[in-house]
2 protein chains.
Amino acid sequence: MAVRWPDGALSSGVACGIKSGGAPDLGVITFEEATAWAGVFTLNAAAAAPVIWCREHLGEPIRAVVVNSGNANACTGAAGSKAVRATATSAARVAGCAPDEVLIASTGPIGIPLPMDAIRAALPRAFAATGPGVEPFAGAITTTDTVIKTSYHAAGGASVVGVAKGAAMIAPNMATMLAFIATDAAADRGLLHATLGPAVQRTFNRISIDACESTNDSVFMFATGRAGRAHPDDLGKAVEAVCGDLAEQIVQDAEGGTTLVRIRIGGAASEESAVAAGRAVAASALWRAAVAGADPNWGRILSALGAADRSVDITRVSVSIAGVPLFVDGEPTGELLAAAAAMESPDVTVECDLGSGTGSAELLSADLTEEYVRLNAEGTS
Amino acid sequence: MAVRWPDGALSSGVACGIKSGGAPDLGVITFEEATAWAGVFTLNAAAAAPVIWCREHLGEPIRAVVVNSGNANACTGAAGSKAVRATATSAARVAGCAPDEVLIASTGPIGIPLPMDAIRAALPRAFAATGPGVEPFAGAITTTDTVIKTSYHAAGGASVVGVAKGAAMIAPNMATMLAFIATDAAADRGLLHATLGPAVQRTFNRISIDACESTNDSVFMFATGRAGRAHPDDLGKAVEAVCGDLAEQIVQDAEGGTTLVRIRIGGAASEESAVAAGRAVAASALWRAAVAGADPNWGRILSALGAADRSVDITRVSVSIAGVPLFVDGEPTGELLAAAAAMESPDVTVECDLGSGTGSAELLSADLTEEYVRLNAEGTS
């Protein structure tokens, strides 16, 4: 199904020459009117130049967003900041707005000078190509993604549409991931922020591919207001549903990944400690390699849980893989064969009960494969 | 050079049938007299049954140590604790001492019942085979290690001898690693503890292979006293030198590893934050995969530093790889070709200056290879 932006927003995707082979690498979103927005950004101290630009413009209505793939413009020093400002200035000239009304996002390799001339030359073509479909934009922002990622949910009489890209350096605290969410509901930036923050917390912040927090993670939400006011609860649910869809698509398309692993932690002292326990399992290279081999290696899960929280009472812990109880209240069950068979599925659920409280959380993660190592040893990403 | 235990200590290594193919898997160390000792153990809440036993016996002089490889006896429930007690009792009978005078250590896969009968049957043979050489013992405690690991340093007129095993699940906070260090210097448990703790902190606790903290990490130190008193400074230096040698040998023999990476952090706010920054780089799957490909991907180092410490001022950070400055005071240098050539070495040094203080630390780590994933996806470890 072709997904379209809500009324008031258009986008495009073109090739400007950053990526080799003429692949699309420059996307723009335009708004007919000055539009309220909210953003959640990486907490990495090495945040990319475009992230710093967007943070500085939080709260100001905007008219356009320019996104390039193939280059993160991160750790590029003073030249990187200058490139962002120059991109905003060039885009503003084409769009007929002020540079401060233009947001910028970048994704790709770190530390390489952004080829500004290529972007500047392509901006008129990118703005001229805008239309209501999201696919050209969704394609232009991908890096090693193998599929585009979109989602749509209704919010009362309004709509919420999202587009994201993955695929590695994914452990958002706020992954490299970018997401752009637009609604035609009317919402000021206060409501947008109050809606987006918790949704990101429960979706994008609960996925991990390689436990590497990126320099460029950004989630944007825009409200064109064309459909009038939606009930905040309806809007909140739709935004969280869109974020959840996109987060799952990112993990499903994990670099080198073959298995989506849902890690459900229960019985934790708090939701926060459930998230920390889930993250520790998601980050374990040994457990992730076991998943690649369909090995129900619950010992590696327990080892990760015990390293993450030294106060865990192992005699109260239970672990199931793919519905098969392997460790119950501190005792192994020996049911390895059934679990190994169930792990041949591309979608595996791990359930861990920590036996100490009522805190719970679900995280999405992926396996660690030889293909991931191959992709990331190649020296080009 | 054949390494021998200090006077007063003997050891052996035999095959008891835990490992397939008749490989040695049971080692014992015996002491002619009741001997003072100190131990530093994993902080993992899922600590193995033998670790719990040794912790309970800290402070009491001992007469023997029984070590098996091929089975960690971790997460094995009540049966695991019973197996430790039974091993100590059987060994005590053979050695003519009390069960409380026997320490136990295990290493291997987690969660599998320990084949007690095999160990019990082999103990008389193991005790009968003891001699002054360390090699048979060093071989019997290996898992996926490809070489045995031993070290010797003089401490004044006394000697310090150490034996260790690696090879994955290595991120000691206090790796699966076991180390046994003996001296013939006279030292009570207070001096031993005061000597061993800081040495472990600066050596074994500064290595990381896969950032997975094991359930079985244990470092033991024994003092037979046969050479009389050594100066505490001499003893401290020799123990730290032995621990440092063994730690480096463990990383050099990292599971699937092809490159030893020395991560030197300087300019940190404190030694503690330098260690944290170094650990973050050592743990980055993306950086470690880049090392496997001899890719001087300094951006992944910066990303790891910035995720670990959100207060880092990136404009004051500098990063060199193999002596080639790639990022200086917030600006990329573009010297990638020289760095890539230098990274073909099996021993690569990364220097990061955080520009915020005088704290420094050096950590040893390894690359992430397809072979590591293959080894750990096989379902047997």
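Two strands pair if DSSP finds at least two bridges between them. The model is a predicted one.

- Seven strands of chain B form an open sheet with mixed pairing.
- Their order is E8-E15-E10-E14-E11-E12-E13.
- Strand E8 (207-208) and strand E13 (331-332) of chain B are the edge strands, and each pairs on one side only.
- Strands of a sheet pair through backbone hydrogen bonds, either parallel or antiparallel.

- Strand E11 (residues 318-321) and strand E12 (residues 324-328) of chain B run antiparallel.
- Three bridges join E11 to E12 in chain B.
- B:Val324 in E12(B) has B:Ile321 opposite.
- Helix H9 (residues 298-308) of chain B packs on the sheet.
- H9 of chain B touches E11, E12 and strand E14 (347-353) of chain B.
- The direction of H9 makes about 135° with that of E11(B).

**The two domains of chain A**

- Chain A is assigned domain 1 (9-252) and domain 2 (260-377).
- The C-alpha centres of these two domains of chain A lie 32 Å apart.
- In chain A, eleven residues of domain 1 are in contact with 13 residues of domain 2.

**The side of domain 1 that touches domain 2 in chain A**

- Strand E8 (207-208) and helix H6 (232-252) of chain A each supply at least two residues to this side.
- H6(A) gives the most, with four residues.
- By class, this side of domain 1 of chain A has six nonpolar, three polar and two charged residues.

Methods
Residues are numbered from 1 along each chain as its sequence is written. Chains are lettered from A and ligands numbered from 1 in the order in which they are written. This is a predicted model: local features need pLDDT of at least 70, side-chain atom pairs count only at pLDDT 80 or more; totals for chains, interfaces and linings use all residues. Two residues are in contact if their C-beta atoms, placed from the backbone, lie within 7 Å. Axes are lines fitted to C-alpha atoms, for helices over the stretch in contact, and angles run from 0 to 180 degrees between N-to-C directions. Domain bounds come from an automatic or database domain assignment. Ala, Val, Leu, Ile, Met, Phe, Trp, Tyr, Cys and Pro count as nonpolar, Asp, Glu, Lys and Arg as charged, and the others, Gly among them, as polar.
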